[in-house]
Amino acid sequence: MIHNYTKREDLVNFLKGKSVEVRKEIIKLVVTAGGGHVGGGLSMTEILLAMYYHVLNIDPKNPKKEDRDRFILSKGHGGVGICPVLADVGYYDHCMMDDFNQYLSPFGMHPDMHKVPGIDMSTGSLGHGLPISVGLALGARLKKASWRTYCLLGDGECNEGTVWEAAMAGAHFKLGNLTAILDRNRLMLDGPVNEIMEIDPIEDKWKAFGWDVRIIDGHDYNQLIDTFESLPPISSQKPVCVICNTTKGKGVSYMENQTKWHYGGLDEATEKQACDDIDKICLP
Ligand SMILES: Cc1ncc(C[n+]2csc(CCOP(=O)(O)OP(=O)(O)O)c2C)c(N)n1
């Protein structure tokens, strides 16, 4: 954990403050880049802040530490969402992102593990994060290592067959050290998930594939912390999928639940409106 809070209430208040800062930085990066995957960046802010500040066993000053927990951002278009969080916990300085997604910048829309400290796997082509996570978790188990692997997936991404091949493999190999996290914001690039390719009943599907399932509000820090603190030990025989119900575009009134804000650009007025809205965000 990257904080010294001993009282839950203080930790949650701290993280809520970070939610505002990180969302404003996402908006800034989208302006710098001339556009970006803003909707799905804003839906996973609380998940990422809870993971990087509290749940993951990591050392940002030693990003490749062998016994660190691994975190795979399978929805790799979430670069604008994860890069500010990695800066915040200390992997690099925020000013390193001043040329975000510009020519020769280490920071692209899809984060590169060879250029961005803290990124455990380069992703962007959907459907590959969970197969890779299964490999990592299996490797850890074979080495008798104690670290865990976490994989954050999009719900639209669950259209990919490789997600389900990996789900089958994770259960087959009894990977209790593997946790999938689903950013269930119900929208994808070009429409609602249930119209493009229905994934419900998603809870039943993960269960049928042999996983334990938890369903929580992905913007509620108390639920996130309770869930990840109570994961079964890595010696358990089942991987866990945490389905996080979220809102795409969370915090910006004109972006929330709007497919067109999967990817977009901002002018001065929309940027100001976004930041004003974020200042007033109300988290559970
Ligand atoms: C293999 C592959 N097909 C298509 C795309 C294009 N694409 C980028 S994001 C996206 C939608 C993903 O939806 P979801 O996983 O729900 O992401 P979120 O809404 O959380 O941003 C698609 C289809 C891709 N990156 N990779």
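## Around the ligand

Let's start with the shell around the ligand. By class, eleven of its residues are polar, five are charged and four are nonpolar. Keep in mind that this is a predicted model.

In total, 20 residues surround the ligand. The closest ones are Gly 40, Gly 154, Gly 156, Glu 157 and Met 188.

## Overall fold

Zooming out, the chain is built from ten helices and five strands. Its radius of gyration is 18 Å, close to the 19 Å that the globule rule gives for 284 residues, so the chain is as compact as a globular protein of that length. If you like to picture a box, the C-alpha atoms fill one of roughly 50 × 45 × 40 Å along the principal axes.

Now for how the chain packs against itself. Take the contacts with a separation of 6 or more: 79% of them are between residues 24 or more positions apart. As for burial, 48% of the 284 residues count as buried.

Met 51 is a handy one to click on. Leaving out residues up to four places away in sequence, Met 51 touches Leu 56, Phe 71 and Tyr 150.

Note on methods:
Residues are numbered from 1 along each chain as its sequence is written. This is a predicted model: local features need pLDDT of at least 70, side-chain atom pairs count only at pLDDT 80 or more; totals for chains, interfaces and linings use all residues. Helices (H or I, at least four residues) and strands (E, at least two) are DSSP runs, numbered from the N terminus. The radius of gyration is taken over C-alpha atoms; the globule rule is 2.2 Å times the number of residues to the power 0.38. A residue is buried if 20 or more other C-beta atoms lie within 10 Å of its own, exposed if 12 or fewer, and partly exposed in between; C-beta atoms are placed from the backbone. Two residues are in contact if their C-beta atoms, placed from the backbone, lie within 7 Å. A residue is near a molecule or strand if its C-beta atom, placed from the backbone, lies within 6 Å of it. Ala, Val, Leu, Ile, Met, Phe, Trp, Tyr, Cys and Pro count as nonpolar, Asp, Glu, Lys and Arg as charged, and the others, Gly among them, as polar.
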